[in-house]
Protein chains: 2
Amino acid sequence: MKKVNIGVLGYGNIGSAVAALINRNGKTIAEKSGIELKVVKIADPKTSRKHPLLTKKSEEVINDPSIEVVVEAIGGTKPALQYILQALKNGKHVVTSNKEVVALHADQILKTASENNVSVFFEAAVGGGIPILQPLRESLYANNIYQVYGIVNGTTNYILSSMTNDKMSFSEALLRAKEKGYAEANPKNDVEGYDAAYKAVILTLMAFGVLVDFSEVYFEGITKITKEDISYAGEIGYVIKLLAVAKQKDGEVEVHVHPVMVSKDHPLASVGGPMNAIYVVGDAVGELMFYGQGAGGDPTASAIINDIIAAAHGTPSQRRAHSKMRVKDISKTKSRYYVRMTVPDKPGVLAQISKVFGEEGVSIQTVLQKESHGKSAPLVIIFHEVVEENFNRALSKIKKLAVVEKVDNVIRVGL
Amino acid sequence: MKKVNIGVLGYGNIGSAVAALINRNGKTIAEKSGIELKVVKIADPKTSRKHPLLTKKSEEVINDPSIEVVVEAIGGTKPALQYILQALKNGKHVVTSNKEVVALHADQILKTASENNVSVFFEAAVGGGIPILQPLRESLYANNIYQVYGIVNGTTNYILSSMTNDKMSFSEALLRAKEKGYAEANPKNDVEGYDAAYKAVILTLMAFGVLVDFSEVYFEGITKITKEDISYAGEIGYVIKLLAVAKQKDGEVEVHVHPVMVSKDHPLASVGGPMNAIYVVGDAVGELMFYGQGAGGDPTASAIINDIIAAAHGTPSQRRAHSKMRVKDISKTKSRYYVRMTVPDKPGVLAQISKVFGEEGVSIQTVLQKESHGKSAPLVIIFHEVVEENFNRALSKIKKLAVVEKVDNVIRVGL
């Protein structure tokens, strides 16, 4: 049986899970794949964990001639990018779970792999254990793919699920997510949408073969979502989810990340807790959805080990993007919108507001007028689909109306 | 660029969709796969469709030395099995969408492929366009898989969805399914569960590497499901789905197909219309779900073309089963149950019934006592998990009680 030596960079949650899973399921892996995996060196300069193969020097992994596949589980771009490139130049296949380095440097990494006749895989960078990049690469040859979108961040989905099911505030739900290990001490990367935006860039590459610049990707997180928004969404049959969206149409590509109100009947609405789910829409196959655990040591290690086997089987990497495209500005995209505002509790207010929207060509679908809190009352309006810049122009006029005390929140409505 | 000649057996909905999709998306296929596909001969002795490459003689496809991959889209076992085996013996890869021939003859087919150093693929036989067999084969090397289950028949899911959403009877919903092209003129294969049971056998092979005999697979269809059952299920938070289930535990394997009440919160509950969705549970990755169109010309052709590319890329077939196992008898499996019965509308009835179940160790979870229709009233009971033979023993005692006019239906409750 073929034996493959593996070096691991980074011995945190993921690196340690990879070593442990190879240890635990090595026999299964060998039976299924015909390949015996052996971790021969692990480098981490900072970890307090113990392992007999652990060294502080990453070079000992990158330059070890006995190592055929390097697993990069450090995260971030420095020094991960340099290590990945050096390992590839040393003729080693690289498998990484690092969404940031792939989103920012995919082309350089794929080019270096190709120049050195080795492969690089990053299934674990999107959707944790879910096989999504491999199907995009190897299961949809007969399809032109026009859309890929879904729930790609488990932390925010856990928080939104807690807010929905247990009527928690954002900060209460964040606290619980930290206690359960679903959110990091500094949750910015997740709750502000960076993580999902990195994944959107990778999905764009894999689904369309298109390279986009991360700096052009519009993203917002979930920090502005309130209990009230969740509750009103529920009243009209929606739940709020943070979605990463990539579309291509007429030679243009859209890539954006933001909260979306999803109909309760839509399969994404029942993706709860830390689970992820990604839709892929192809012209022959129609809609596909891939669902599973988007994070966690074992699921991520499952994806990494699969990539190691793919590399050892000689599977070629994802090809480099066939084109680099500008991302369509978010202001030019279309959406439906939910707006929650605070208005005086007196007659004639809705008439004034709807007149302004009407003048701007923004049409109202549903209105929820709620009971007053003293002299003010919440007013919730759902709008039909409109180009974002037109909607924003109308909204800025609304904000100037004397009868509008405050526009509390704006959330896109879709699916 | 590598060119691959294809022969197609059967020019019905599927065969014609394959030829049309290669024609329509040939350029995309070539760009993505590096392979140019060319249909060079199509055989169908009966079709009234026209195609310039059409012949009536299947031998002209099977024996054509220029053909590298044969697509079998005839269906059934005769003459499909013989054609598949002969094509393999002639050194051709075979791709089939035929669930019946694979479920009944997988081992012989895989053995013949292996002996002739060619591959056989059958992604389209389960879940239509959904990549499910390829992920089971190539995306879960690090996992021991213990369960695979889901909605694998689009016809019955369409009928059950119509009954649920539009309050139709089974026969009304079947009629609509026929009108929409989701059910065949003779719907027996779908509505009585044969189709789902074939798929359950294939999933068992792919997920566990275990061969089972189709004749040992317990299956029932949806013909006994009534509007009333759907409505009562809804009252207690469930929808009824036809599930194919395969489990392995402690050296035993369960494979069965039957209606199941699924909690409305479960992602399978929102799989509506003709869609399919399959869960896979692995020890490292946890729960995965694969969702998409389970039938239809284009989705099925998408899966078939992918298999053609896999064969042309030299991907090895699924390995033969590592063991042949007896299927655990359905009477030894455990489930929760819903029972709907008709009882006299008078005091003391429930007490008598619950006493008998209690004596047999079958415990009640929920009771719905409904308004009477004249002198009789429906009584609905949900039971906690119990071994099926114990439940059936209790049920047969119940049927003999004077206070039980009729046991109208029994449905498993799960998920």
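Chain A contains 13 helices and 18 strands, where helices (H or I, at least four residues) and strands (E, at least two) are DSSP runs numbered from the N terminus. Its radius of gyration is 24 Å, close to the 22 Å that the globule rule gives for 415 residues, so chain A is as compact as a globular protein of that length; the radius is taken over C-alpha atoms, and the rule is 2.2 Å times the number of residues to the power 0.38. The structure is a predicted model, in which local features need pLDDT of at least 70 and side-chain atom pairs count only at pLDDT 80 or more, whereas totals for chains, interfaces and linings use all residues. Residues are numbered from 1 along each chain as its sequence is written, and chains are lettered from A and ligands numbered from 1 in the order in which they are written.

Along its principal axes, the C-alpha trace of chain A spans about 80 × 45 × 35 Å. Buried residues account for 53% of the 415 residues in chain A, a residue being buried if 20 or more other C-beta atoms, placed from the backbone, lie within 10 Å of its own. Among contacts in chain A between residues at least 6 apart in sequence, 75% join residues at least 24 apart, contact being defined by C-beta atoms, placed from the backbone, that lie within 7 Å.

Chain A is superposed on chain B by a rotation of 180 degrees with 0.0 Å of shift along its axis (RMSD 0.0 Å); the two copies are thus related as by a two-fold rotation axis. The superposition is by least squares on the C-alpha atoms of residues with pLDDT of at least 70 in both copies. The same surface serves both copies, as 100% of the contact residues of chain A recur in chain B. Of the residues of chain A, A:F290 comes closest to the rotation axis, at 2.5 Å (C-alpha).

The largest nonpolar core holds 294 residues, of which A:V18, A:I305, B:V18 and B:I305 touch the most other members; such a core is a set of buried Ala, Val, Leu, Ile, Met, Phe, Trp, Tyr and Cys residues joined through C-beta atoms within 7 Å. Leaving aside neighbours within four places in sequence, A:I305 is in contact with A:V18, A:L21, A:I22 and A:I29, and also with B:Y141 and B:A142 of chain B.

In helix α10 of chain B (residues 227-235), B:D229, B:I230, B:Y232 and B:A233 are buried. Seen down the axis of α10(B), these buried residues fall within an arc of 170 degrees, so they line one face of the helix.

Note on methods
A residue is buried if 20 or more other C-beta atoms lie within 10 Å of its own, exposed if 12 or fewer, and partly exposed in between; C-beta atoms are placed from the backbone. The arc is that of the directions from the helix axis to the C-beta atoms. Two residues are in contact if their C-beta atoms, placed from the backbone, lie within 7 Å.
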